[in-house]
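Okay, thanks everyone, I'll keep this short.

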Amino acid sequence: MQNKIARIHVNQHVIKANAKYGENNPVFTIKQGGKNTYAFNVKVKGEMELVYSPDKPLSCGAKVWIETRGDIKVDNKKMSAIASSTMGKDDVVAITRLATNLDKSLKEFLSKKRKRVLNKNKLSACLPS
C-alpha cells in the first residue's frame, strides 16, 4: 500500500517569530492525512516533487512546498544543549535570516522560471505548426 501524500513546507511565520522573540520553534510543517507535524529536520526517502502554486496555495497559505509519498523521518527535538550553549542569540538570528533569505530566493527563482515558461508558451503559440 502506498503512503498518503505528504506536503512539506517552511513556515515563514515561525521563522519571523523565532527571530523576533529569540525562540527556537520548529519551522518545517508536514501535512499528511489531515494531520500537521512540526519539525526542525525532515528526511525523505523516495521521490519528491517541488511545487510552486501561487494561484492555489495550501490551506495555511503556503505557495511553495514539497510533495512526496516517500517515507519521512522528522526531528522534533530542540537543538542539543551543546549546540545551544555554543550558539548565541546573534547566531540564531543569523541562521533564521539565512533560512528566510533561502525561502525568498526560492520563491523569486520559481517566479522567474514560471514567467520564462509562460513567455515560451506564448511564443510557440504564435509560430506556425
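Let's start with R114, which is partly exposed at 37% relative accessibility; that label covers what falls between buried, under 20% relative accessible area, and exposed, over 50%, using a 1.4 Å probe and protein chains only. Quick housekeeping: this is a predicted model, so local features need pLDDT of at least 70 and side-chain atom pairs count only at pLDDT 80 or more, while totals for chains, interfaces and linings use all residues. Residues are numbered from 1 along each chain as its sequence is written, and side-chain values use heavy atoms, with hydrogens and water left out.

So what does R114 pair with in a salt bridge? Its partner is D55, at 3.3 Å from N to O. D55 sits in the loop between β5 and β6 and R114 in helix α3, residues 89–126, so this pair ties together parts that are 59 residues apart in sequence. Helices here are DSSP runs of H or I with at least four residues, strands are runs of E with at least two, and both are numbered from the N terminus. D55 itself counts as exposed, at 65% relative accessibility.

By salt bridge I mean a side-chain nitrogen of Lys or Arg within 4 Å of a carboxyl oxygen of Asp or Glu. By that rule the count is 3. In general, side chains of opposite charge can pair when their charged atoms come close.

Next one: R7 and E67, 3.0 Å from N to O. R7 is in strand β1, residues 6–10, and E67 is in strand β6, so here the parts being tied together are 60 residues apart. R7 is partly exposed at 27%, and E67 is buried at 16%.

Then D103 and K107, at 3.8 Å, N to O. These two are 4 residues apart in helix α3, which puts about one helical turn between them. D103 is buried, at 11%, and K107 is partly exposed, at 27%.

Now the serine. Where is S53? It's in the loop between β5 (48–52) and β6 (64–68). Is S53 buried or exposed? Buried, at 17% relative accessibility. A polar atom of the S53 side chain lies 2.9 Å from the backbone oxygen of K56. Leaving aside neighbours within four places in sequence, S53 is in contact (heavy atoms within 4.5 Å) with K63 and W65.

That's my tour, happy to go back to any of these.

Key:
Polar contact = N/O pair within 3.5 Å; in protein donor to acceptor, adjacent residues only side chain to side chain.
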